[in-house]
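Here are my notes on this model, set down in the order I went through it. Have the coordinates open while you read.

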Amino acid sequence: MRIGYFINQYPAVSHSFIRREILALESLGLQVSRFAIRPDRSEVIDNADKIEAGKTLFIVKASIFEVAKIITKKVFFEPVRFFKVLLFTLRFNARYEKNIKKSLICFFEACILASWAKKQDIQHLHVHFGTNSTTIAMIAKRLGGSHYSFTVHGPEEFDKPETIGLNEKIRESRFVVGISSYGRSQLSRWADYADLQKIHIVHCGLDEAFIDFQPLAIPSKPRIVSVGRLCEQKGQLLLLQAASQLAAEGIDFKLVLVGDGPMREQIEAFITKHNLASYVELMGSLSGDGVCEQMSLARAFVLPSFAEGLPVVIMEALAMGRPVISTYVAGIPGLVKDGVNGWLVPAGSVDDLVSAMRKVIQASSEELTVIGEEGRKRVLKRHSIITEANKLKKLFSASREQE
């Protein structure tokens with residue numbers, strides 16, 4: 001069975017979970033073609049991502065001659081369908097997105113995607129993220145492309161479900177995936193009653209590199225690491241406020257921030273203003289191996305997010321035997337258990353975050369090792385990529401049987 005995967009940006013620094021999913025499906029005997037609108041705007045670092053880039057067809061890289069040929073063929077050989085779907089796209093825009101330029105771009109991108117998928121004999125198209133990539137897949141289906149399904153991660157889809165036409169995308173799909181019970185609950189809010197049976201849970205998974213990983217001893221040095229895009233929803237400024245309070249208490253520690261993003265200048269300014277240069281280190285974006293190295297050097301992982309789906313980096317930290325500090329947000333409490341394999345704090349509470357970080361700094365390595373072992377057991381039980389890929393494979397097969 002040949003499956004097509006379609007993503008807005010792929011490969012990308014933050015999309016390693018998609019790469020793992022694709023490779024796991026291929027190991028189970030499926031053929032998978034990769035399609036994306038564009039590659040990551042920042043250069044990919046991992047060799048595995050560079051290999052994936054070589055296997056991916058990018059819509060933005062299609063030549064003007066190829067695009068003109070595809071559109072001309074659609075207009076001359078399928079004029080009724082072409083203009084009918086164009087009208088559908090304009091109506092969808094009027095009901096939901098209300099951005100005519102964006103909708104027309106989606107329409108022409110869908111023409112390209114449908115043509116490529118047909119040429120490769122794609123039997124089912126699976127999409128990650130329920131935003132414009134799923135809009136394109138839905139339009140491509142109406143243009144004669146294959147049926148589609150999509151995985152919703154959040155929080156973006158849950159922040160603006162009406163704006164992106166989430167209900168209609170669910171209705172048009174063969175099935176929809178949430179990555180946690182929280183994700184399924186939010187999808188159920190916006191689905192028609194008749195479509196509730198379409199909604200399934202398939203977790204993001206960890207591959208053999210993490211399953212076979214032998215956790216290193218938790219160091220005595222008071223070092224905490226945070227990995228994530230430097231943006232509002234990840235809560236790094238709140239984390240720096242907590243660091244400032246700990247520094248004011250005279251506590252010795254090092255906070256390492258891995259990642260890059262639009263808030264980097266604000267974060268650098270905060271560090272300078274509050275004299276945190278000796279306490280906080282900005283590492284920028286790192287390869288997967290680089291992230292693992294920073295995790296191994298830390299006593300714990302912290303991510304005080306305001307909005308999430310279920311961050312894969314939390315799974316990776318737990319798999320490496322590191323306790324996690326995070327927030328009672330979305331799918332996180334389903335994996336991190338307060339006082340068992342980490343600490344959960346109310347999102348936005350600096351005082352609670354300070355308290356949790358203080359516990360990590362002052363705890364013995366032996367205490368943190370016990371907590372880390374609990375986290376590793378839990379994540380390996382719930383997030384094996386082969387187990388989760390098998391769930392997807394069964395859904396793809398069931399979708400094909402509907403034809």
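1. The lining of the second largest pocket, by class, has eight charged residues, four nonpolar and three polar. Bear in mind that this is a predicted model, and that the totals for linings use all residues. The pocket's volume comes to about 360 Å³. Of the 15 residues that line the second largest pocket, I70, K73, K74, S115 and K118 lie nearest its centre. Which elements give two or more residues to this lining? They are α3 (64-77) and α5 (100-119).

2. On to the backbone, with a reminder first: most peptide bonds are trans, and most residues other than glycine have a negative phi. Against that background, have a look at the bond from Y10 to P11, which is cis with omega near -10°. P11 sits in the loop that runs between β1 (2-9) and α1 (16-27).

3. There is also a cis bond between G154 and P155, where omega is about 0°. For P155 the setting is the loop between β5 (148-152) and α7 (156-159).

4. Now for phi. F129, not a glycine, has a positive value near 85°. You'll find F129 in the loop between β4 (124-128) and α6 (132-142). Is F129 buried or exposed? With a relative accessibility of 18%, F129 counts as buried, because the cut-off is under 20%.

5. N275 is another non-glycine residue with a positive phi, this time about 55°. Its loop is the one between α12 (264-273) and β10 (280-284). Relative accessibility for N275 is 62%, so this residue counts as exposed, the cut-off being over 50%.

6. How many aromatic pairs are there? The count comes to 11. Take F92 and Y96: their ring centres are 4.8 Å apart and their planes are at 55°, so the pair is tilted. F92 itself counts as buried, at 2% relative accessibility.

7. F82, F83, F107 and F108 make up one aromatic cluster. Separately, R142 lies over the face of F88, 3.9 Å from the ring centre.

8. Last, I224, which is in strand β8 (residues 223-227). I224 has a relative accessible area of 1% and is therefore buried. What does I224 touch, once neighbours within four places in sequence are left aside? The contacts are K254, L255, V256, A298, A300, V302, M357, V360 and I361. One of these, M357, is 133 residues from I224 in sequence, while the C-alpha to C-alpha distance between the two is 8.2 Å.

Note on methods
Residues are numbered from 1 along each chain as its sequence is written. This is a predicted model: local features need pLDDT of at least 70, side-chain atom pairs count only at pLDDT 80 or more; totals for chains, interfaces and linings use all residues. Side-chain values use heavy atoms; hydrogens and water are left out. Helices (H or I, at least four residues) and strands (E, at least two) are DSSP runs, numbered from the N terminus. Buried means under 20% relative accessible area, exposed over 50%, partly exposed in between (1.4 Å probe, protein chains only). Rings of Phe, Tyr and Trp (its six-membered ring) pair if their centres lie within 6.5 Å; planes under 30 degrees apart count as stacked, over 60 as edge-to-face and the rest as tilted. A charge sits over a ring if NZ of Lys or CZ of Arg is within 6 Å of the ring centre and within 35 degrees of the ring normal. Contact means heavy atoms within 4.5 Å. On a 1 Å grid over the protein atoms alone, a cavity is a set of points where a 1.4 Å probe fits but cannot get out, and a pocket is an open set with protein on both sides within 12 Å along at least five of seven lines; lining residues have an atom within 4 Å of a point. Grid points are joined across faces, edges and corners, and a volume is the space filled by probe spheres set on the points. Ala, Val, Leu, Ile, Met, Phe, Trp, Tyr, Cys and Pro count as nonpolar, Asp, Glu, Lys and Arg as charged, and the others, Gly among them, as polar.
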